[in-house]
Amino acid sequence: MSFMSNAGNITRGFMNIACTEKNRDLIVNINGRLVHRDEAGISPFDSAVQGGDAVWEGLRLYNGRIFKLHEHLDRLERSARALSFVEVPSREKVIDEIKRTLAGNNMRDGVHIRLTLTRGLKVTSGMDPRLNQSRPTLIVLAEHKAPVYVKSGLILITSKIRRPPPEILDARIHHANLLNSILAKIEANNAGADDALMLDTRGFVAETNATHAFIVRKGELATPRVVACPPGITRATVIEICAVEKIRCVEMELSVVDVYGADEMFCTGTMGELAGVIKVDDHIIADGKVGRMTKRLSDLYAQRTATEGVQVVEL
Ligand SMILES: Cc1ncc(COP(=O)(O)O)c(C=O)c1O
C-alpha cells in the first residue's frame, strides 16, 4: 500500500523515534487554550486547512533558553506582514504563550517548538482573505526532540523538483505551504536518501528540502545567496561564527559540480543544527566522513546555544 511505503524509510537519518513515548501526553496551545494533544484540533474553517495560509517558525529550547528567539519572531512577523495578516499577536503575547506551553509541559531542555500563525478562521470556505473576519490562529507545539540528523553524515540526492524564484513564491516569506519540499522529500525517501538537494530554476543550488547548504573548499566556506531559500537563522549564525573566527565565507551561486568537488559539505537548520553530508547522488564527498571544519563549526555552534538565548523557563 502506498501509505505503508511512505512510512517504510523513516529510520534513515532520524534519531527521534525514541522521543515518541515522552511526547505521548503533550499539552498543545491553540489560541491560548492548553489542551492534551489528543484533544487538540483546529477548525475546518481555519486558513491553514483551507489553503495552507499560515506562517511558521521552528525554535529550539536549550536549558531554559530559546536560541535566537527574537530573530525567529522577526522572521515570523515579517512573513505575516508580507501576507497581509491582520491583528497579528504582539511579540509579548507570543512569548507569553510559549512560556505557558513550556510550563504546562514541564519542559526545560531538548525541546523543539513549532510555532504556527494562520490567517485564522474564515466565515465560509474559500481562499479570499476577505472571508477572514477574526484574528489569526496561534499554535504552539512543543515536543521533546533531539537534533534530528545522524552524526555520521547525511546522504542526499538532487531533486528533480526546483525551488521557486521570488517572482513565483518568495522564500523570504516563511510560509507553511510545504508541498514543494514534501515532493522533494518523497523523492529522497524513495531513493533511500536522508534528504534532497534542491536547485533553483536556473540550476544553481538553493538548499535542501529542509535545511541550508554550505560547502567547504580549501578551508573556506561557500553558501548559496538568499534567492530561492529562506533567510535562515542557523545559516546566519554560521556566517557570524565564521566572521569571528576569521574563516572566509562567501554567499555565491553554487552548482552541483561545486558540491561534488567540495572538501566538505554540511546543512544547517534549527531542527538539526549542523549536519555533515557524506554523499550527494553518486558522489562521495571527500573521504566520505564528516569533515574537520564541519566538526569545528558544530562545536562553536554548540558553545553559542549553551550560553546565548532568551530565558523562557524559570530554572
Ligand atoms: C525551507 C527551509 N530551509 C531551511 C530552514 C532552516 O532555517 P533555520 O536555520 O532558520 O531553522 C528552514 C527552517 O525553518 C526551512 O523551512
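Residues are numbered from 1 along each chain as its sequence is written. Because the model is predicted, local features need pLDDT of at least 70 and side-chain atom pairs count only at pLDDT 80 or more, while totals for chains, interfaces and linings use all residues. The chain has a mean pLDDT (the predictor's confidence in each residue, from 0 to 100) of 94, and 94% of its residues reach 70 or more. Residues 1–9 have a pLDDT below 50, and this stretch makes two contacts in the model beyond near neighbours in sequence; a contact requires that the C-beta atoms of two residues, placed from the backbone, lie within 7 Å. Where pLDDT is low, the predicted coordinates should not be read in detail.

Two domains divide the chain: domain 1 (17–144) and domain 2 (154–307), with bounds from an automatic or database domain assignment. Their centres, taken over C-alpha atoms, are separated by 26 Å. In domain 1, 21 residues are in contact with twelve residues of domain 2. On this side of domain 1, two or more residues come from each of β3 (54–62), α3 (69–82) and β5 (111–118); helices (H or I, at least four residues) and strands (E, at least two) are DSSP runs, numbered from the N terminus. Strand β3 gives the largest share, eight residues.

Seven strands form an open sheet in the order β2-β1-β6-β5-β3-β4-β16, with antiparallel pairing; two strands pair if DSSP finds at least two bridges between them. Strands β2 (33–36) and β16 (310–311) stand at the edges with a single partner strand each, so one side of each has no neighbour in the sheet. Strands β1 (residues 27–30) and β6 (residues 137–144) run antiparallel and are joined by two bridges. Across this pair, Ile30 stands opposite Ile139 in β6. Helix α4 (residues 91–104) packs on the sheet and touches β1, β2, β3, β5 and β6. The direction of α4 makes about 40 degrees with that of β6, where axes are lines fitted to C-alpha atoms, for helices over the stretch in contact, and angles run from 0 to 180 degrees between N-to-C directions.

Around the ligand there are 15 residues, of which Gly232, Ile233, Thr234, Gly269 and Thr270 come nearest; a residue is near a molecule if its C-beta atom, placed from the backbone, lies within 6 Å of it. Helix α7 (233–245) and strand β13 (264–269) each give two or more residues to this shell, and the largest share, three residues, comes from α7.
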